[in-house]
Amino acid sequence: MKEGDFLKSDLGVLYLILKKFRNGDFIALNDVDLKPERFSVYDVKKYEVISNMGNNELKLLKQVIGVKA
């Protein structure tokens with residue numbers, strides 16, 4: 001899992017990883033609640049990487065929604 005990845009959890013929830021922390025936690029958008037939220041590595045144990053967003057697009061999205069790089 002890395003920044004820019006689109007994930008699908010084993011529960012069917014979709015995530016876009018915006019920022020990843022050293023401890024494994026991450027800030028992501030999900031299809032349940034469309035605002036950025038911090039998740040623990042224990043929140044999403046099993047997942048499938050669907051796709052990855054390009055670096056330039058990810059930087060622009062972070063700027064628009066106010067996530068610090």
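Begin by selecting F6, which counts as partly exposed because its relative accessibility is 30%; buried here means under 20% relative accessible area, exposed over 50%, and partly exposed in between, with a 1.4 Å probe and protein chains only. This is a predicted model, in which local features need pLDDT of at least 70 and side-chain atom pairs count only at pLDDT 80 or more, whereas totals for chains, interfaces and linings use all residues. Residues are numbered from 1 along each chain as its sequence is written, and side-chain values use heavy atoms, with hydrogens and water left out.

F6 is placed in strand β1, residues 5-9, where strands (E, at least two residues) and helices (H or I, at least four) are DSSP runs numbered from the N terminus.

Now zoom out to the whole protein chain, which has 1 helix and 5 strands, in the order β-β-β-β-β-α from the N terminus on. The C-alpha atoms fill a box of roughly 30 × 25 × 20 Å along the principal axes, and buried residues make up 33% of the 69 residues.

Next, select Y15 and F26. By the rule that rings of Phe, Tyr and Trp (its six-membered ring) pair if their centres lie within 6.5 Å, with planes under 30 degrees apart counted as stacked, over 60 as edge-to-face and the rest as tilted, the count comes to 3 aromatic pairs. Y15 and F26 form one of them, an edge-to-face pair at 6.3 Å centre to centre with 90° between the planes. Y15 lies in strand β2 (residues 14-20) and F26 in strand β3 (residues 26-30), so the pair ties together parts that are 11 residues apart in sequence. Y15 counts as buried at 9% relative accessibility, and F26 counts as buried at 1%.

F39 counts as buried because its relative accessibility is 8%. Together, Y15, F26 and F39 form one aromatic cluster.

Finally, select R38 and F21, where the charged end of R38 sits over the ring of F21, 4.0 Å from its centre; the criterion is NZ of Lys or CZ of Arg within 6 Å of the ring centre and within 35 degrees of the ring normal.
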